[in-house]
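Let us take a walk through a protein model together. Keep the picture open beside the text and look up each part as we come to it.

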Amino acid sequence: MGLNEWLLTCANAAAAALLLNSGLAKAVAPDVLRRALTEVVPSFAGANAPVMVRVLAAVEIAAAAALLLAPTRMAAALLATLLGAGFAAFGLLGKLRGSSTPCGCFGASDRQPLGWTNVALGVLLATVLPLNAANGPATPTDYTAGALMLAATGTLLLCGYTHRRVVRRHLVVRLRRPKPTH
Amino acid sequence: MLVVFGFALLVMAAAIVVLFAMFGELASRVPDPASAHRRDTRVEPLEDAQIGRAVDVWPTGMPDSGDATLLVLSTSCESCRDVATQLSSDPGHSDWEGVGLVISTAGRQTGESFIADFDLQGFPHFVDEGGDWSREELGVQQSPTAVVVRSGLLASAYVFNDVSSLRSNLQQQKEVV
């Protein structure tokens, strides 16, 4: 693979890792985002809200998986760009309305509300479509294999980063605590 | 072969993300001993509280206005979420006689979700849409706030973060009276 192809693979893998973390976290705990969205859009408080959050999660996971496969890459890139635009818009809305409820965005377990992080990552995700339209993989099998492995690595790194506080608070401290002696 | 290996790796990574998401969700429901230790235990009188003011409109389902302690919590305030967690996680608070929760919120559904999310259904509560009632009847625009009402009159009001400290403070006030 050439340099351009590697760069495209890395960019798509990074986008897929972001979407995968975001989608899986929403699927497991939809209430975190529901609360944050209700704060900025009060009409989102309906009984169907958790289902809608889980549908969004499913779309994100599907987009992430499709982005890593050469034949479905372009359609997924379009979806990732639309999702990125949505994330950025909600980040901006949260900032404008002074959101303070943690949104659990991108799988984070800290207390960050909707804001500039969503805008920045949303804009980065939105560049996936132009990037893919400008560059195509010459060897689809190499692209898929490379993208899958890079995305797996990226997913794990991002997961470790977004949950660093929980890990430090509930795992690391307790592991370091000396056992009582009798 | 590499594609299959990559796919297996991705599935394992996804499983770990799910595990951490579940762990994060569980951790958010367990009070952090470190933060509980750091919690501000001060109970300060509410500035500009209109002591002696008559509370004309009393919501149904709330404890008798003859002797009631109202905890005003907002759905969009982080300290209020901490107070709600303290109320639901400590079984000792369930026997708090005369306490009522006023959930100040933008919409009824948000207030009811707050009650359900923090498992506060056991406490007498009133969803105060737009915070109108607490502002007009109690003169309270801050949260978390505790308002003591005796014989239909506002007897005292406090700003607090720690429920146990508030209770012992109120108990001391009662003993003095």
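A residue is called buried if 20 or more other C-beta atoms lie within 10 Å of its own, and exposed if 12 or fewer do. With that in mind, please also remember that this is a predicted model.

Follow the side chains and you will see two directions. Val99(B), Leu101(B), Ile103(B) and Thr105(B) point one way from strand 3 of chain B. Gly100(B), Val102(B) and Ser104(B) point the other way, and the residues of both groups are buried.

What lies beside this strand? On strand 2 of chain B, residues 67-74, there are six bridges to strand 3 of chain B, and the two strands run parallel. As a landmark for this pairing, find Leu71(B), which stands opposite Leu101(B) in strand 3 of chain B. Strand 3 of chain B is also joined by five bridges to strand 4 of chain B, residues 125-129, and this pair runs parallel too. Here the landmark is Val102(B), which stands opposite Phe126(B) in strand 4 of chain B.

Now trace how the chain gets from strand to strand. Strand 2, helix 3 (residues 78-89) and strand 3 of chain B make a right-handed β-α-β unit. From strand 3 of chain B the path goes on through helix 4 of chain B to strand 4 of chain B, and this β-α-β crossover is right-handed.

Step back and look at chain B as a whole. How many helices and strands does chain B have? The count comes to six helices and six strands. Starting at the N terminus, the elements of chain B follow the order α-α-β-β-α-β-α-β-α-β-β-α. Chain B has 177 residues, and 36% of them count as buried. Among the contacts in chain B with a separation of 6 or more, 72% are between residues 24 or more positions apart.

A few spots in the loops of chain B deserve a visit. One is the cis peptide bond that joins Ser143(B) and Pro144(B), with omega about 0 degrees. You can find Pro144(B) in the loop between helix 5 (132-138) and strand 5 (145-150) of chain B.

Next comes Asp48(B), which has a positive phi of about 60 degrees although it is not a glycine. Look for Asp48(B) in the loop between strand 1 (44-45) and strand 2 of chain B. Is Asp48(B) buried or exposed? Asp48(B) has 9 other C-beta atoms within 10 Å, so it is exposed.

Ser151(B) also has a positive phi, of about 50 degrees, although it is not a glycine. This residue sits in the loop between strand 5 and strand 6 (153-159) of chain B. Ser151(B) counts as exposed because it has 10 C-beta neighbours inside 10 Å.

Time to turn to the partner. Chain A has eight helices and zero strands, and along the sequence its pattern reads α-α-α-α-α-α-α-α. Of the 182 residues of chain A, 49% count as buried. Residues 24 or more positions apart supply 77% of the contacts in chain A with a separation of 6 or more.

For a closer look inside chain A, pick Leu19(A), in helix 1 (residues 3-28) of chain A. Why does Leu19(A) count as buried? Leu19(A) is buried because 31 other C-beta atoms lie within 10 Å. Leaving aside neighbours within four places in sequence, Leu19(A) is in contact with Glu60(A), Ala63(A), Ala64(A), Ala80(A) and Leu83(A). Leu83(A) is 64 residues from Leu19(A) along the chain, and their C-alpha atoms are separated by 9.0 Å.

Our last stop is the place where the chains meet. There, 29 residues of chain B are in contact with 29 residues of chain A. On the side of chain B that touches chain A, the elements giving two or more residues are helix 1 (2-29) and helix 4 (108-117) of chain B. Helix 1 of chain B makes the largest share of that side, with 19 residues. Sorted by kind, the residues of the side of chain B that touches chain A are 17 nonpolar, eight polar and four charged.

How values were computed. Residues are numbered from 1 along each chain as its sequence is written. Chains are lettered from A and ligands numbered from 1 in the order in which they are written. This is a predicted model: local features need pLDDT of at least 70, side-chain atom pairs count only at pLDDT 80 or more; totals for chains, interfaces and linings use all residues. Two residues are in contact if their C-beta atoms, placed from the backbone, lie within 7 Å. Helices (H or I, at least four residues) and strands (E, at least two) are DSSP runs, numbered from the N terminus. Ala, Val, Leu, Ile, Met, Phe, Trp, Tyr, Cys and Pro count as nonpolar, Asp, Glu, Lys and Arg as charged, and the others, Gly among them, as polar. Two strands pair if DSSP finds at least two bridges between them. A crossover is right-handed if, with the strands pointing away from the viewer, the path from the first strand over the helix to the second runs clockwise.
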